[in-house]
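Subject: Structure for your files

Dear colleague,

Here is the structure I said I would pass on. My notes on it follow below.

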Amino acid sequence: MGTDRRLHFTSDYMEGAHPLILRRLAETNLEQSAGYGEDTYTAAAREKIRAACGTPEADVFFLAGGTQTNAVLTGALLRPWQGVISARSGHISVHEAGAIEAGGHKVLALEHRDGKLSAETVRACAEEYRQDENRDHMVEPGMVYISHPTEYGTLYSLAELEALSAVCREYGMPLYLDGARLAYALACPENDVALPDIGRLCDAFYIGGTKCGTLFGEAAVIPKHGAVPHLFTMIKQRGALLAKGRIPAIQFDVLFTDGLYLEIGKPAIETAARIREALDRKGYEQAFPNPTNQILIVLDEEQAEALSPKVEMSFMERMPDGRILMRIATSWATTAADTDRLIECL
């Protein structure tokens with residue numbers, strides 16, 4: 001342990017990996033295998049993910065992290081003259097250091113409600129482009145990016161996802177879902193979107209590992225086989241292809257054995273619920289009602305200064321009235337003891 005005795009509720013990837021994953025990595029450590037995802041462990045993990053998502057023909061690739069996955073898939077799905085629609089608060093719009101723009105595509109940031117894009121907003125954007133006589137001089141909306149949960153910890157309902165999918169297919173735009181925290185959505189009682197729903201409604205998505213119990217790694221899924229030609233090559237071009245491809249695959253093989261991925265987020269949801277109750281009881285203002293593992297609270301300067309020596313949280317933004325929007329994030333590994341200590345600090 002370091003000298004920092006504060007509680008750490010900054011993010012959901014501060015711990016290492018689930019013990020079952022570490023055990024399996026140790027068991028297979030000295031085995032020799034083919035590289036670049038040509039090994040038997042990768043094949044097994046792919047089959048388990050296909051079964052869980054109800055996409056038996058899906059192409060599945062394992063990449064190191066979420067930014068690489070978003071950049072590679074966005075670049076693969078868009079034509080050179082196109083951009084990607086995102087909520088203004090979307091991860092690719094705010095917290096990926098311009099990775100999409102660095103790849104030659106514009107993020108078309110639209111207004112949202114509690115972090116969510118609506119089908120009506122997407123339709124209006126696509127229709128505005130179609131009707132504009134100067135469209136040949138403009139960036140064409142070429143795909144739609146969403147995340148589940150959103151950056152604000154809110155959830156899309158199945159009806160909202162179906163409506164978005166319908167609009168995307170009407171206008172010929174792929175729907176892409178960032179699942180960095182997908183395990184926390186699936187573990188949430190308020191969630192009504194299952195993996196097979198994502199498999200049938202989205203044209204591409206990824207299943208988060210880094211924030212959901214692995215040391216690193218995300219599983220990119222293209223439900224329709226061959227829909228993105230030469231994706232393997234594009235992953236390598238972007239520096240996102242792992243030579244030791246079995247390492248992330250083994251981790252996902254464990255996550256998709258005996259339903260672990262559907263269960264691993266439950267401690268985060270349960271501890272977050274306890275923290276929300278305490279915040280309400282102690283008079284703190286929560287910025288957005290959301291049921292997942294991210295809690296956004298509004299603090300004045302005095303509150304922030306009082307909590308800072310005791311609890312590390314994530315800074316989100318400074319609000320127009322001078323108050324600070326901070327995030328408390330729980331994880332698959334958050335303990336009851338640390339939750340109790342946080343509640344005492346409040």
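Please keep in mind throughout that the model is predicted. T42 sits in helix 2, which covers residues 40-53. Neighbours within four places in sequence aside, the contacts of T42 are G37, F62, G245, R246 and A249.

The second residue I looked at is L307, in helix 14 (residues 301-307). L307 has a relative accessible area of 3% and is buried. If residues up to four places away in sequence are not counted, L307 touches Y284, L299, M313, C345 and L346. For one of these, L346, the separation from L307 is 39 residues in sequence, while the C-alpha to C-alpha distance is 7.5 Å.

On the cysteines: with a disulfide taken as a pair of cysteine sulfur atoms within 2.5 Å, the count is zero. C53 takes part in no disulfide, and the nearest cysteine sulfur, at 10 Å, belongs to C202. C53 is also buried, its relative accessible area being 0%. C212 is likewise in no disulfide; here the nearest cysteine sulfur is that of C188, 13 Å away. The relative accessible area of C212 is 0%, so this residue counts as buried.

Now the chain as a whole. The secondary structure consists of 15 helices and 13 strands. A compact globule of 346 residues would have a radius of gyration near 20 Å, and the chain agrees with this, at 20 Å. The C-alpha trace spans about 60 × 55 × 35 Å along its principal axes.

Of the 346 residues, 53% count as buried. As for contacts with a separation of 6 or more, 74% are accounted for by residues 24 or more positions apart. The pair L307 and L346, 39 residues apart in sequence, is in contact and is an example of such a separation.

The accessible surface of the chain is about 15,800 Å², and carbon and sulfur atoms contribute 51% of that. There are 34 positive and 48 negative side chains in the chain, and 4 Å separates the centres of the two sets.

That is what I have on this chain.

Regards

Terms used
Residues numbered from 1 in each chain as written. Predicted model: local features only at pLDDT ≥ 70, side-chain atom pairs only at ≥ 80, totals over all residues. Heavy atoms only, no water. Helix = DSSP H or I, 4+ residues; strand = E, 2+ residues; numbered from the N terminus. Rg over C-alpha atoms; globule rule 2.2 N^0.38 Å. Buried < 20%, exposed > 50% of the residue type's maximum accessible area, 1.4 Å probe, protein only. Contact = heavy atoms within 4.5 Å. Areas by Shrake-Rupley, 256 points an atom, 1.4 Å probe, with all protein chains shown as cover. Lys, Arg positive; Asp, Glu negative; His and termini not counted. Charge placed at Lys NZ, Arg CZ, Asp CG, Glu CD.
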